[in-house]
Amino acid sequence: MWTIGLAVVALVVVYYTHLIFKWRSPKIEGVLPPGSMGWPLIGETLQFIIPGKSLDLHPFVKKRMQKYGPILKTSLVGRPIIVSIGYEMNKYILQHEGTLVELWYLDSFAKFFALEGETRVNAIGTVHKYLRRITLNLFGFDSLKASLLPKIDDMLHTNLMVFNFTANKIFGYDAENSKEKLSENYTKILNSFISLPLNIPGTSFHKCMKDREKILKMLKDTLMDGLSDPSKRRGDFLDQAIDDMKTEKVLTEDFIPQLMFGILFARFESMSTTLTLAFKFLSENPRVVEELRVEHEAIVKKRENPNSRLTWEEYRSMTFTQMVVNETLRISNIPPGLFRNALKDFHVKGYTVPAGWTVMLVTPVTRLNPETFKDPVTFNPWRWQDLDKVTISKNFMPFGGGTRQCAGAEYSKLVLSAFLHILVTKYSFTKVRGGDVSRTPIISFGDGIHVKFTARA
């Protein structure tokens with residue numbers, strides 16, 4: 001009896017040892033980069049989500065880069081991944097989007113945003129072209145210059161809630177009268193988002209999915225109202241999508257809410273994190289605040305009416321403000337990298353990237369390179385005075401790169417600039433407590449940063 005039991009145990013050990021060996025040493029045509037695949041299913045996910053306690057590169061990336069070099073292999077949430085570090089490699093891969101790679105997210109992202117099937121948000125071609133066109137139409141350079149800047153200025157004078165303004169432009173969201181508090185829902189989602197995609201009651205991912213369903217229902221109800229009653233049209237993103245349902249087959253009653261949800265999430269995550277970091281940096285650097293104040297008070301003094309709204313020409317004249325915006329975006333490095341899926345086998349630096357594997361482009365590493373940016377985690381807007389255009393183009397891509405560069409880049413920079421204008425001309429502020437930062441691997445602030453505001457005379 002004992003012999004049979006030991007034999008069964010031995011077979012199980014051999015079987016799982018074989019699985020682990022296959023996982024850690026997959027057979028491919030060519031040579032895989034160095035690195036560790038971790039354990040089956042789990043991979044190195046636990047190391048990936050351990051918080052880094054500074055604004056520097058996440059320890060997961062930094063340790064492996066030092067050990068294996070600029071290209072390596074790993075596994076996250078059961079997915080085999082090639083990690084690409086460095087400008088030249090990342091540029092090569094981004095330039096071949098659609099032929100060698102396509103956009104991809106971790107499985108939790110894919111399930112969360114319904115990035116699967118023919119109508120996935122990350123589909124190359126129709127969806128991306130449509131989304132980019134409509135985003136540029138609403139938030140692009142021409143729209144900002146022609147009509148959006150005064151509205152942004154009015155909104156910031158009222159309550160400084162950038163996300164609510166963006167939601168209003170997407171689907172007419174009225175923060176004061178809506179039963180659903182979108183910012184609170186998205187905050188809860190973001191706080192528990194980086195997790196294993198286990199949709200089981202009690203897990204963080206399950207809570208995320210419940211909050212997602214609540215928001216999607218709200219967006220679906222708004223869509224159905226617009227379809228049934230044309231008098232409720234407001235000329236926003238949703239109205240444009242409704243009109244385009246006749247010509248764009250991908251725009252269905254189920255897909256449009258998912259599309260809006262994804263756009264809102266991207267804006268909420270990036271803008272809320274960047275603004276919070278701006279508060280942290282400014283409250284800790286009074287010299288920066290003083291120079292900002294000098295620049296913006298000079299703008300106000302040139303006006304015939306000091307209380308008139310910000311103009312496009314004034315925005316374009318904000319030299320030091322742009323340095324502050326660039327420095328904040330440089331350090332923020334909100335996502336750990338850009339994710340792509342290999343469409344076929346291809347070769348980089350003598351190594352093979354197998355078809356079906358995920359490629360993680362670690363773009364933040366260039367923005368935190370001490371050879372380019374001295375004391376890279378130190379907030380120093382003046383460093384931008386000495387950086388030439390070539391250096392900037394190679395090492396500063398806060399809005400992505402290639403064909404996937406964010407269509408709302410100018411909108412984000414303008415909102416930040418207008419926010420700083422109102423902040424330093426209308427208020428004095430001091431940090432009360434908080435401001436501790438960690439990477440999980442996205443930036444998180446613990447209990448936040450608490451700031452005391454005082455209206456200036």
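**Labels and cut-offs in a predicted model**

The protein chain exposes about 22400 Å², and carbon and sulfur atoms supply 56% of that area. Accessible areas follow the Shrake-Rupley method with a 1.4 Å probe, and for residues only the protein chains shown count as cover. This is a predicted model: local features need pLDDT of at least 70, side-chain atom pairs count only at pLDDT 80 or more, and totals for chains, interfaces and linings use all residues. Residues are numbered from 1 along each chain as its sequence is written, and side-chain values use heavy atoms, with hydrogens and water left out.

Q: Why is Leu-46 called exposed?
A: Its relative accessible area is 52%. Exposed means over 50%, buried under 20%, and partly exposed in between (1.4 Å probe, protein chains only). Leu-46 therefore counts as exposed.

Q: What makes the nonpolar surface patch that includes Leu-46?
A: Trp-39, Leu-41, Ile-42, Leu-46 and Ile-49 make it, with about 530 Å². Patch residues have over 30% relative accessible area and no salt bridge; nonpolar side chains (Val, Leu, Ile, Met, Phe, Trp, Tyr) are joined within 5 Å, like charges within 9 Å.

Q: Why is H18 described as largely enclosed by the rest of the structure?
A: Of its 18 residues, 16 are buried, so the description holds.

Q: How do you know that the reach of H18 is close to the expected value?
A: Helix H18 (residues 409–426) reaches 26 Å from its first C-alpha to its last, and 26 Å is expected. The expected span is 1.5 Å times one less than the number of residues. Helices are DSSP runs (H or I, at least four residues), numbered from the N terminus.

Q: Why do Arg-309 and Asp-154 count as a salt bridge?
A: Their side chains meet at 2.4 Å, N to O. The definition asks for a side-chain nitrogen of Lys or Arg within 4 Å of a carboxyl oxygen of Asp or Glu. Arg-309 lies in the loop between helix H13 (286–301) and helix H14 (312–316), and Asp-154 in helix H7 (residues 141–158), so the pair ties together parts that are 155 residues apart in sequence.

Notes. Helix = DSSP H or I, 4+ residues; strand = E, 2+ residues; numbered from the N terminus.
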